[in-house]
Amino acid sequence: MKSFISKSFQILIVLIGVSFITFTLTYLAPGDPAEIMLTDSGNIPSPELLAKVRAELGLDKPFLIQYKVWLLKVLKGDLGMSFSLKVPVFTKLISSFLITLKLSVVSFILMLLISIPLGFISALNRNKIIDYIIRGFSFLGISIPSFWMGLIFLSIFGVKLGWVPIIGGTDNIKALILPAVTLALAMSSKYTRQIRIIVLEELKQEYIVASKIRGLNKRTIIFKQLLPNVMLPIMTLLGVTVGNLISGTAIIEIVYNWPGMGNLAIKAISAHDYPLIQGYVLFIALFYMIVNLAVDFSYKFLDPRVKE
């Protein structure tokens, strides 16, 4: 319980630091949100109208006053109103998060189904033909940019074959297939190699060598001794992956016009929508730290020694 309270306090401190840095960067960014709003709505931004809108948005106050007002609202659960979308930031973030979460979950499952078996097979057959083939495909996958892979898939399966929609802007099952596969392939190329390294390091341990000397069945060594001991480092790796998935899908979402958080963040930056940008960064930081906290506590269930 003490550990949980301590980590929760650390999360709060980090979030305040992240919020201050984000608020400072958006404040120093070039461009005037009020002017952009008036221009986009077809109004001529006269000095009087510009001053009125800036006052309504609270942009006429000093920096520290703006930050204090915003932070007090955030502590009450109010992330403010989006300048460009005219909707509550929290509501928009939640709706976009659920769409990104759907993409992330499917991509994550596909990545597990690819990278864990291939990583084990590659490690258990070190320097054999199958190992070289898997490492070759992994290297190729890491070398290919995910956005380029997405464009190729879109060209083949969307334009030429017509199996999936190319317009995007929807979160239905058909539109989900290509973004999920693209993300899964890009990630599995990286994590197959990392899982291979983890398994190879564990195979060097004395208890594995002793088990082989005693003549234990290979299947028994792998499933009863090797697998439980590699789960801790793999769990850490997967925990980082979950956080990266949620925060790092922006490029894929842009390529496929997937209406998730990454797409929303890019549009918010283009529109100088400060409340939406600040809310997005804070939301991602909180999610990332919650995932890491969950991974830390999962160690106690995977390894009794951690609990002791």
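Which way does H5 pass H8, in a right-handed or a left-handed crossing? Right-handed, it turns out: that is how H5 passes H8. Before I go on, keep in mind that what you see up there is a predicted model.

Okay, staying with that pair for a moment. H5 covers residues 89-124, and its axis comes within 6 Å of the axis of H8, with a crossing angle of roughly 35°. Sort the contact residues of H5 with H8 by class and you get 23 nonpolar, six polar and two charged.

Now, H8 runs over residues 173-203, and helix H6, residues 129-143, packs against it too, with axes that come within 7 Å and cross at roughly 135°. So H6 is oblique to H8. The handedness here is left-handed for H6 passing H8. If you want to find the contact on the screen, look on the H6 side for residues including Asp 131, Arg 135, Phe 137 and Ile 142, which belong to the set that meets Ser 189, Lys 190, Thr 192, Arg 193 and Arg 196 in H8. In classes, the H6 contact with H8 comes out as four nonpolar, four polar and five charged residues.

Next up is H7 on H8. Their axes come within 10 Å and cross at roughly 140°. The cut-off for roughly antiparallel is over 145 degrees, and H7 and H8 are therefore oblique to each other. H7 passes H8 in a right-handed crossing. From H7, Ser 146, Met 149, Gly 150, Phe 153, Leu 154 and Phe 157 do the touching, and their partners in H8 are Leu 178, Val 181, Thr 182, Leu 185 and Ala 186. That contact has eight nonpolar residues, three polar ones and no charged ones.

One more stop on H8: Glu 202, which sits in this helix. Is Glu 202 buried or exposed? Its relative accessibility is 15%, and the cut-off for buried is under 20%, so Glu 202 counts as buried. And what is Glu 202 in contact with, once we leave aside neighbours within four places in sequence? The list is Tyr 207, Ile 208, Leu 226, Asn 229 and Val 230.

Let's switch to the aromatics. There are nine aromatic pairs by the rule we use. Take Phe 23 and Trp 70: their ring centres are 5.5 Å apart, the planes make an angle of 40°, and the pair is tilted. Phe 23 belongs to helix H1, residues 2-28, while Trp 70 belongs to helix H4, residues 63-75, so this pair ties together parts 47 residues apart in sequence. Both Phe 23 and Trp 70 are buried.

Then there's Phe 153 with Phe 157, with centres 6.0 Å apart and planes at 65°, so that pair is edge-to-face. You've already met these two in the contact of H7 with H8. Phe 153 and Phe 157 are both in H7, residues 146-160, and they are four residues apart, about one turn of the helix. On accessibility, Phe 153 has a relative accessible area of 17% and is buried, whereas Phe 157, at 25%, is partly exposed.

Which residues do ring pairs link into a cluster? Phe 20, Phe 23, Phe 63, Tyr 67 and Trp 70. Thanks, that's it from me.

Key
Residues are numbered from 1 along each chain as its sequence is written. This is a predicted model: local features need pLDDT of at least 70, side-chain atom pairs count only at pLDDT 80 or more; totals for chains, interfaces and linings use all residues. Side-chain values use heavy atoms; hydrogens and water are left out. Rings of Phe, Tyr and Trp (its six-membered ring) pair if their centres lie within 6.5 Å; planes under 30 degrees apart count as stacked, over 60 as edge-to-face and the rest as tilted. Buried means under 20% relative accessible area, exposed over 50%, partly exposed in between (1.4 Å probe, protein chains only). Axes are lines fitted to C-alpha atoms, for helices over the stretch in contact, and angles run from 0 to 180 degrees between N-to-C directions. Angles under 35 degrees count as roughly parallel, over 145 as roughly antiparallel, 65 to 115 as roughly perpendicular and the rest as oblique. A crossing is left-handed if the near helix is turned anticlockwise from the far one by less than a right angle, and right-handed if clockwise. Contact means heavy atoms within 4.5 Å. Ala, Val, Leu, Ile, Met, Phe, Trp, Tyr, Cys and Pro count as nonpolar, Asp, Glu, Lys and Arg as charged, and the others, Gly among them, as polar.
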